[in-house]
Amino acid sequence: MEIMNRARGFAHLYGVLRGQQADPYCRGCNGFASTLNAARESLDAFRREQAGPLADLPLEFGRLLDEARAGLAAMPAPGQTVGQKKAGKCQLPEGRCFCKSALAFVQAR
């Protein structure tokens, strides 16, 4: 995925996680917690690996990426979490997760 689209993808991922913080199931799910950690790590790695090309990113896309980085860094990690599917609470189809799907989109190349 080209750099501009990856920046957009991280902005989307941040928006999904920000929204799912309010969801009664997602906010206390292992999947949310692991996705938040992976998103932070993935964004940090992206910024390190693509530092040169990111300097040439159009300003509006750079702002999206900066907003995603700041938002993910500030987002509180959930405390005690459980696997909501295993607990029988999350009724999404097997193998489906709002948070993990957004992360997979960003990590696709």
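The conversation below goes through a predicted model of one chain and asks what stands behind the words used for it.

Visitor: Why is Gln 20 called buried?
Guide: Buried means under 20% relative accessible area, and Gln 20 has a relative accessibility of 16%, so it counts as buried. Gln 20 lies in helix H1, which covers residues 3–20, and, when residues up to four places away in sequence are not counted, it touches Cys 26, Arg 27, Phe 32, Phe 98 and Cys 99.

Visitor: How do you know that Leu 43 is buried?
Guide: The cut-off is again under 20%, and because the relative accessibility of Leu 43 is 1%, this residue counts as buried. Leu 43 is found in helix H2, and, leaving aside neighbours within four places in sequence, it is in contact with Phe 10, Leu 65, Ala 68, Arg 69 and Leu 72.

Visitor: What makes a group of residues a nonpolar core, and how many residues has the largest one?
Guide: The members of such a core must be buried residues of the nonpolar kinds, including Leu and Phe, joined through side-chain atoms within 4.5 Å. The largest set of this kind here has 24 residues, and those with the most contacts inside it are Phe 10, Leu 13, Leu 17, Phe 46, Leu 65 and Leu 72. Helices H1, H2 (30–49), H4 (59–74) and H5 (98–107) each supply at least two residues of this core, and its largest share, seven residues, comes from H1. In soluble globular proteins, nonpolar side chains tend to be buried together.

Visitor: Which residues does Leu 13 contact, leaving aside its neighbours within four places in sequence?
Guide: Leu 13 is in contact with Thr 35, Ala 39, Cys 99, Ala 102, Leu 103 and Val 106.

Visitor: How do you know that contacts join residues at least 24 apart in the sequence?
Guide: A contact requires heavy atoms within 4.5 Å, and, among the contacts in the chain between residues at least 6 apart in sequence, 78% join residues at least 24 apart.

Terms used: Residues are numbered from 1 along each chain as its sequence is written. This is a predicted model: local features need pLDDT of at least 70, side-chain atom pairs count only at pLDDT 80 or more; totals for chains, interfaces and linings use all residues. Side-chain values use heavy atoms; hydrogens and water are left out. Helices (H or I, at least four residues) and strands (E, at least two) are DSSP runs, numbered from the N terminus. Buried means under 20% relative accessible area, exposed over 50%, partly exposed in between (1.4 Å probe, protein chains only).
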